[in-house]
Amino acid sequence: MTDPATNGFRRLRFADGDGSAYSDIFEAEYHGSDFASDTYATDDTRYEYTVVGDDDLTLRTMRAEGGRRGGVIGAREDHVVFWLTRGRLEMHFPDRTRVVEPGSPYIASASEEYRFESDGTVYNGVHIADSFLRTVGRDLGYRLPDGPLLFDQQDEVIARREPLRHLIGELGPALVDDRVVGPMRTALNRRLAIVVLDTFPIRNRGDDVPVANRLRDAIRYVEQHAAERPAVSDIAAACGLSQRGLQDVFARTLDSTPHRFLREHRLDRARSELLRAGDDRGPGADGVAVVARRWGFTNPGRFATAYRERFGEDPAATLRTSLSARPDSGRSSWRVRRAVAFIEQHADEDLSLQDIADAAGVLPRRLQQLFRAERGESPMACARAIHAAAGRNAADGTRETA
C-alpha cells in the first residue's frame with residue numbers, strides 16, 4: 001500500500017500479495033474500521049484494489065479472482081457508481097436485494113447501508129463526495145432534497161448510451177495524472193458529477209421532474225420517431241424542456257447536439273437493417289437506396305458519405321458482407337470468425353464481451369450486431385456454449401469440435 005499525497009490527491013493500491021489485509025481497504029479510505037463490519041475475503045481470494053483521485057472524486061478498480069468476499073458497508077460520505085465487467089455481486093438493503101451482473105452501471109447512494117457478497121468480480125467505479133455533488137447540483141440550479149441525497153438507477157434507454165463510461169474514457173488519462181491538481185482537477189471532477197446528476201434520477205424532489213427523466217424521454221422520442229426526422233423543438237416539447245435546456249443536457253451528457261444525435265441514430269438504424277439483409281425477412285435486403293429513404297436520407301451521395309464517416313465503410317460494403325453471411329452461404333465475416341476462434345482458444349477462461357471484442361478488433365456493440373446478424377446469438381451466448389462444450393469434453397475425456 002502506498003501513502004496518500006498531502007495535497008488531497010492520492011494513489012493507493014491494496015493487494016493480497018503485498019501484505020495488505022482485505023480490511024485495510026476500508027480502514028484506510030474511511031478513516032477507521034467502523035465504516036465496514038464483518039468484511040472478509042476467503043483465503044483463496046486473490047485481489048487488487050486501486051484508488052486514484054482526490055477528496056471530491058476518485059476512480060477505483062477491484063479485480064478479484066477465486067474465493068468470495070463480503071461484509072456490511074455502512075453509510076458513508078460518498079456516492080458510488082460502478083460497473084461489473086466480470087463476476088456477480090449481491091447487495092442486500094433493508095428493504096430490497098439487488099443482484100448486479102456485468103452490464104449497466106449501478107449507483108449506491110451515500111446514506112444507504114447494505115450487506116454484500118461477491119465472487120470473481122472485476123469492478124470499475126467512481127466515488128463522488130456527497131458534499132461535492134450537492135455543490136455542483138446547486139450550481140446547476142437543481143432542486144435537491146433537504147435530507148439524504150438518494151438516487152434511482154438509470155433508465156435502460158440512458159444506460160445503453162453509457163454516457164458516464166464514455167466520459168471517463170475521455171478524461172481518464174488526466175484524472176490519473178498526479179500533475180493535474182487544483183482548479184484543473186476540480187473542473188474535470190465537475191464534468192463527471194454533472195453527468196451523474198443528469199442521468200441518475202434524484203428521489204424526493206416533490207413535483208419536480210429529474211433531468212434524468214427528461215433526458216430519457218428525449219432519447220425515447222428520438223428512437224420512436226427517428227424516421228420522421230422530428231425538429232429539435234418537437235423533441236424538446238416531448239420531454240418538457242426548452243430547446244436551450246435540451247441542447248445543454250445533450251452537450252453535457254452525450255457530448256452531442258439533439259440534431260446530431262438524431263442523425264446518428266438514423267444512421268445506426270439504417271446500418272442495423274443492412275446488417276440484417278442476410279435474413280430473408282431482413283428489411284436490408286431491399287437495397288441501400290430503399291433503406292436510406294426509409295430513414296429519411298433522400299440524397300444517396302450524402303448518405304454514403306455520412307455512413308462512411310460513422311462506420312468506416314460504404315453502405316454497399318455492409319450489405320455485401322451481410323448477404324455473404326447468410327446461413328445458406330456457409331460464410332461469415334472475418335471479424336466473427338476471429339472472435340469465435342478466440343473464444344475457442346480460451347474456452348476455459350471467463351471471458352468478458354470486451355475481451356472478445358478486443359480480439360476481433362471491433363467495438364463491443366458492433367460485435368454484438370455482427371453476431372446477431374450472422375449467428376442469431378450474442379457473443380456471450382456463443383462463449384457460454386463453447387465453454388459448456390469444453391467442460392463436457394474434459395469430463396468425458398473426448399475432444400469435440402465446436
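## Cysteines

A residue is called buried when its relative accessible area is under 20%. In this predicted model, C239 has a relative accessible area of 4%, so C239 is buried. C382 is buried as well, at 1% relative accessibility.

A disulfide would be a covalent bond between the sulfur atoms of two cysteines.

## Helix 8 and R244

R244 lies in helix 8, which covers residues 243–254. Is R244 buried or exposed? Its relative accessibility is 62%, so R244 counts as exposed.

V232 sits twelve residues from R244 along the chain. The C-alpha atoms of R244 and V232 are 9.9 Å apart.

## Helix 9

Helix 9 runs over residues 258–275 and holds 18 residues. At 1.5 Å a residue, helix 9 should span 26 Å. Its end C-alpha atoms are separated by 25 Å, which agrees.

Helix 9 is mostly covered. Of its 18 residues, 13 are buried.

## Confidence

How high is the average pLDDT of the protein chain? The average is 86, and 89% of the residues score at least 70.

Residues 1–6 have a pLDDT below 50. That stretch makes 13 contacts in the model beyond near neighbours in sequence. Residues 396–402 also have a pLDDT below 50. Beyond near neighbours in sequence, residues 396–402 have five contacts in the model. Where pLDDT is low, the predicted coordinates should not be read in detail.

Definitions and conventions. Residues are numbered from 1 along each chain as its sequence is written. This is a predicted model: local features need pLDDT of at least 70, side-chain atom pairs count only at pLDDT 80 or more; totals for chains, interfaces and linings use all residues. Side-chain values use heavy atoms; hydrogens and water are left out. Buried means under 20% relative accessible area, exposed over 50%, partly exposed in between (1.4 Å probe, protein chains only). pLDDT is the predictor's confidence in each residue, from 0 to 100. Contact means heavy atoms within 4.5 Å. Helices (H or I, at least four residues) and strands (E, at least two) are DSSP runs, numbered from the N terminus. The expected span of a helix is 1.5 Å times one less than its number of residues.
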